[in-house]
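Let's take a friendly walk through a protein model. Have the sequence and the 3D view ready as you read.

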Amino acid sequence: MSLAQDIAILKQIPMLSDFQDDQLRLLAFSAESMDYSSGQRLFDQGDRADGGLVITDGTVSLQTKGADGFEEIERVGQGTLLGETALLAENKRPCRAEAVDAVRIIRIRRALFKRMIQEYPELAQRLLDQRVSHFRYTVSALKPIGDKMAELEQLNAERRVKDDEKQS
């Protein structure tokens, strides 16, 4: 793929959508392209995550380990960023990623990404704003679950009191 095609794919990634063309060009030029054949593993569950992988071509199977081995949870393709959080902070891969067919990725190391946001502080602010918005959305989505759990805990506590009264 050409540099222009890589830039067009990077521009589709929500986390990178605010980057200017020259910033995306620098990122695409500085990152490394890697090719995987069908069945080849991109990374394993629990591996140290040192950055993000953008799928530029092909399909990747995401799998988690269960009682009977690994089970596919999702298939992703072109324009998917694997390891968004790993671009910002050290962590472990939450799943296994395996090429379903021929796959090409752009590997963006955390050190490169950090240099980018240090050179362009406005990017750091926009990324922070995106993360804050995402966390607020997550909190609001979880609130009904928390409310329901509190309600169930209250009912459970009332039942225990009644059970204790019966036993007395």
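Leaving aside residues up to four places away in sequence, Phe19 touches Leu24, Leu27, Phe113, Met116 and Leu123 (contact means heavy atoms within 4.5 Å). This is a predicted model, where local features need pLDDT of at least 70, side-chain atom pairs count only at pLDDT 80 or more, and totals for chains, interfaces and linings use all residues. Residues are numbered from 1 along each chain as its sequence is written, and side-chain values use heavy atoms, without hydrogens and water.

Phe19 also belongs to the largest nonpolar core, which has 22 residues; Phe19, Leu10, Leu16, Val54, Ile108 and Phe113 touch the most other members. A nonpolar core is a set of buried Ala, Val, Leu, Ile, Met, Phe, Trp, Tyr and Cys residues joined through side-chain atoms within 4.5 Å. Buried means under 20% relative accessible area, exposed over 50%, and partly exposed in between (1.4 Å probe, protein chains only).

## A second core

Which residues does the second, separate core include? Among its 14 residues are Ile55, Leu82, Cys95 and Ala97. In soluble globular proteins, nonpolar side chains tend to be buried together.

## Glu71 on a strand

Look for Glu71 in strand β6, residues 69–76 (strands are DSSP runs of E, at least two residues, numbered from the N terminus). Glu71 counts as exposed because its relative accessibility is 55%. Not counting residues up to four places away in sequence, Glu71 touches Leu62, Gln63 and Thr64. Arg96 is 25 residues from Glu71 in sequence, and their C-alpha atoms are 9.5 Å apart in space.

Notes: Helix = DSSP H or I, 4+ residues; strand = E, 2+ residues; numbered from the N terminus.
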